[in-house]
Amino acid sequence: MSSVDTASRAEELRNALVDTIIADHEAKGLAMRADVERALRTVPREVFTPGVPVEDAYANKAVITIRCGPETLSSVSAPYLIAEMLGQAADALGGLEGRDVLEIGSGGYNAALIAELVGPTGRVTTVDILPEVTDRAATCLAAAGYNGVTVVCADAEHVIEPGRRYDLIIVTAGAWDIPPAWREQLTDDGVIVVPLRTFGMTRSWALRRSGDRLVSQSHRLCGFVSMQGDGAHEMRYVDIADGVHLRLDQGQQVDPAVVAGLLTQPRREAWAGVSLPPRTVLADLDLWLPARLTREVAEFVVLSAQEEAVQSGIVAPAWRFGTPAALDEGTFSYRSALRWTGGMFDLGAYAHGPEAAAAAGRLVEHMLAWVDAGSPAPVLHVLPARTPDGDLPEGAVLDKRHSRLVLAFTPDPEEGTL
Ligand SMILES: C[S@@+](CC[C@H](N)C(=O)[O-])C[C@H]1O[C@@H](n2cnc3c(N)ncnc32)[C@H](O)[C@@H]1O
């Protein structure tokens, strides 16, 4: 193929990918911003995925670039996810033109998109902890003509460019906490978009700074490679059956011997008897449940399962990549897959163990309470670790190393306004 043919094939694939992303946005009830669409139609993703066939460069998924055993250390992120996060950032700031942006986690592709969005009057710095990633990002950015992007190799847990403050920090690795350096590097009303784990589940939160606090403006379901360096927090898994795991958060202890036979006990179920409206955001229910359950059960955990385990029927989680579940005195319960009754999708719970019927019923009561409250979306408040209880907003409190996170649900689905 001549270089002209290759370039026009890449452009054709790029436009088809953007059309797919727009359709995906619409299916989720999101609107694609014109500026983000323009950037996606401009940046040649194939330049940032050298050695990968052009068809794969324009598949709507991450291109893995560095692995360590079964773990992915680095990738060029999935385009639909990058598009959603850039949309969150641009919505929160009223557009990105002329903005000063720090990207944490480099691949080159997202930095190039941000360079398009900020334009000639903006500035972009991208930082990665791995030198092979920053070397490759710098080479690819130069090859694509984005020479204005500053590429830094450092652990972004700490301040990157002392004295500099950013309108936007966009984090592209999964974080467990918000280190003080991130807040301090933001301008007074700057925004950070960060995939943050709360109750073992990750959402991309757009958080606006107000003094020493951050409040969410929007959130999206997402998954990312984990943060490394000084802010790393391991996630552990305990098997409860072949291909079925419990995901444990920092500090959680579960005895593998106690949970090993749980699913072999008879299954009890409960159903809410609701008719879910289209586009109900069940990812919000999945944060509502731990916000309520952590006060009542011994352990809130996240259930994940391999496709084969779901096919075998041993487990039927709502979402096999991460479903809210509870462990209490030998009884295990979780949000089940939706039930189609011919005219409606219904919410339900499955449980195993001595108190299975009561546990399934309790989970469903919490689901009904969420539906009755108008299916509220969570608002996340991030406060410094030293904040006294009396100064916290109303909500479920989650203490991390540097921050106190408060997840609040209000009947109004609009997120925090500040
Ligand atoms: C999903 S990749 C980034 C993708 C990229 N933004 C793109 O354009 O597609 C996540 C990156 O975060 C980096 N990372 C993890 N922990 C880090 C840390 N503490 N400081 C800086 N970078 C980090 C990893 O090395 C990895 O390259």
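Biologist: Is Ser375 buried, exposed or partly exposed?

Modeller: This is a predicted model, and in it Ser375 has a relative accessibility of 25%; because partly exposed covers the range between under 20% for buried and over 50% for exposed, Ser375 counts as partly exposed. Ser375 belongs to the loop between α11 (356-372) and β19 (378-384), and its phi is positive, about 50°, although Ser375 is not a glycine.

Biologist: Where does Phe199 lie, and is Phe199 buried or exposed?

Modeller: Phe199 is found in the loop between β7 (186-198) and β8 (201-210), where it too is a residue other than glycine with a positive phi of about 50°. Its relative accessibility is 9%, so Phe199 counts as buried.

Biologist: Turning to the ligand, which residues come nearest?

Modeller: Among the 25 residues around the ligand, the nearest are Ser74, Ser77, Glu103, Asp128 and Gln228. A polar side-chain atom of Ser74 is 2.6 Å from a ligand oxygen atom, while a side-chain N or O atom of Glu103 lies 2.8 Å from a ligand nitrogen atom. For Asp155, the distance between a side-chain N or O atom and a nitrogen atom of the ligand is 2.9 Å. Of the 600 Å² that the ligand exposes when taken alone, the protein buries 99%, and the ligand sits in the largest cavity.

Biologist: Which element gives the most to the shell around the ligand?

Modeller: That is β2, with four residues; β2 (71-76), α5 (109-118) and β4 (123-128) each supply at least two. By type, the shell consists of twelve nonpolar, ten polar and three charged residues.

Definitions and conventions. Residues are numbered from 1 along each chain as its sequence is written. This is a predicted model: local features need pLDDT of at least 70, side-chain atom pairs count only at pLDDT 80 or more; totals for chains, interfaces and linings use all residues. Side-chain values use heavy atoms; hydrogens and water are left out. A residue is near a molecule or strand if one of its heavy atoms lies within 4 Å of it. A polar contact is a pair of N or O atoms within 3.5 Å; within protein, one must be able to donate a hydrogen and the other to accept it, and residues adjacent in sequence count only if both atoms are side-chain atoms. Accessible areas come from the Shrake-Rupley method with a 1.4 Å probe; for residues, only the protein chains shown count as cover. On a 1 Å grid over the protein atoms alone, a cavity is a set of points where a 1.4 Å probe fits but cannot get out, and a pocket is an open set with protein on both sides within 12 Å along at least five of seven lines; lining residues have an atom within 4 Å of a point. A molecule sits in a cavity or pocket if more than half of its atoms lie within 2 Å of its grid points. Ala, Val, Leu, Ile, Met, Phe, Trp, Tyr, Cys and Pro count as nonpolar, Asp, Glu, Lys and Arg as charged, and the others, Gly among them, as polar. Buried means under 20% relative accessible area, exposed over 50%, partly exposed in between (1.4 Å probe, protein chains only).
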